[in-house]
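This report is for a reader who is meeting the structure for the first time. Please keep the sequence and the 3D view at hand while reading.

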Amino acid sequence: KADGVVVDTHVSRLSQRLGLTHESQPEKIEQELMRLIPENDWVLFPHLMIAHGRAVCKARTPLCERCQLVQLCPSSHV
């Protein structure tokens with residue numbers, strides 16, 4: 001059982017891009033994600049975000065045209 005949601009640079013960046021948080025501090029992002037993500041998914045969620053961040057939603061050049069979340073992502077319309 002996880003004690004929380006791990007927030008690294010990928011999770012932080014993607015959470016902000018996807019509009020899941022407006023916070024910038026990892027501790028505050030974690031608290032918001034813990035309210036949004038079912039507890040059973042707290043371990044898996046960061047791994048999925050990291051993989052998505054490395055493959056598609058890259059820091060400098062996000063590949064929005066390849067993204068499965070493009071219609072849900074407020075940053076894709078910017």
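Leaving aside neighbours within four places in sequence, which residues is Ala 59 in contact with? Ala 59 is in contact with Arg 13 and Arg 17. The model is a predicted one.

Ala 59 lies in the segment after helix 3. Its relative accessibility is 49%, and it counts as partly exposed. Ala 59 and Leu 14 are 45 residues apart along the chain, and their C-alpha atoms are separated by 8.9 Å.

Arg 13, one of the two contacts of Ala 59, has its place in helix 1, which covers residues 9-17. Apart from residues up to four places away in sequence, Arg 13 touches Gly 53, Cys 57 and Lys 58 as well as Ala 59. Arg 13 is buried but has no salt bridge. The nearest side chain of opposite charge belongs to Asp 8, 7.6 Å away. The side chain of Arg 13 does have a polar contact with the side chain of His 10, at 2.9 Å.

**Cysteines**

A disulfide is a covalent bond between the sulfur atoms of two cysteines. The structure holds zero disulfides. Cys 57 is in none, and the nearest cysteine sulfur, that of Cys 73, is 6.2 Å away. Cys 57 is buried, with a relative accessible area of 11%. Cys 73 also counts as buried, at 7% relative accessibility.

Seven of the nine residues of helix 1 are buried, and the helix is mostly covered. The buried residues are His 10, Val 11, Ser 12, Arg 13, Leu 14, Ser 15 and Arg 17. What covers them includes helix 2 and helix 3, the latter spanning residues 44-55. At the start of helix 1, a side-chain oxygen of Asp 8 comes to within 3.1 Å of the backbone nitrogen of His 10. Just after the helix, Gly 19 takes a positive phi of about 75°.

Ser 12 has its place in helix 1. With neighbours within four places in sequence left aside, Ser 12 is in contact with Val 7, Ser 24 and Ile 29.

**The core**

How many residues does the largest nonpolar core have? It has 15, and those with the most contacts inside it are Val 11, Leu 33, Phe 45 and Met 49. Helix 1, helix 2 and helix 3 are the elements that give two or more residues to this core. Helix 3 gives the most, with three residues. Met 49 touches His 10, Val 11, Leu 14, Ser 15 and Leu 18, not counting residues up to four places away in sequence.

Val 5 is found in the segment before helix 1. Beyond its neighbours within four places in sequence, Val 5 is in contact with Glu 30, Leu 33, Met 34, Trp 42, Phe 45 and Pro 46. Leu 33 and Phe 45 are among the residues with the most contacts inside the largest nonpolar core. Val 5 and Glu 27 are 22 residues apart in sequence, and their C-alpha atoms are 9.5 Å apart in space.

Glu 23 has its place in the loop between helix 1 and helix 2, the latter covering residues 26-36. Residues up to four places away in sequence not counted, Glu 23 touches Gln 16, Lys 28, Ile 29 and Glu 32. The C-alpha atoms of Glu 23 and His 52, 29 residues apart along the chain, are separated by 20 Å.

| Residue | Relative accessible area | Class |
|---|---|---|
| Val 5 | 2% | Val 5: buried |
| Ser 12 | 13% | Ser 12: buried |
| Glu 23 | 28% | Glu 23: partly exposed |

Conventions. Residues are numbered from 1 along each chain as its sequence is written. This is a predicted model: local features need pLDDT of at least 70, side-chain atom pairs count only at pLDDT 80 or more; totals for chains, interfaces and linings use all residues. Side-chain values use heavy atoms; hydrogens and water are left out. Helices (H or I, at least four residues) and strands (E, at least two) are DSSP runs, numbered from the N terminus. Buried means under 20% relative accessible area, exposed over 50%, partly exposed in between (1.4 Å probe, protein chains only). Lys and Arg count as positive and Asp and Glu as negative; His and the chain ends are not counted. A salt bridge is a side-chain nitrogen of Lys or Arg within 4 Å of a carboxyl oxygen of Asp or Glu. A polar contact is a pair of N or O atoms within 3.5 Å; within protein, one must be able to donate a hydrogen and the other to accept it, and residues adjacent in sequence count only if both atoms are side-chain atoms. Contact means heavy atoms within 4.5 Å. A disulfide is a pair of cysteine sulfur atoms within 2.5 Å. A nonpolar core is a set of buried Ala, Val, Leu, Ile, Met, Phe, Trp, Tyr and Cys residues joined through side-chain atoms within 4.5 Å.
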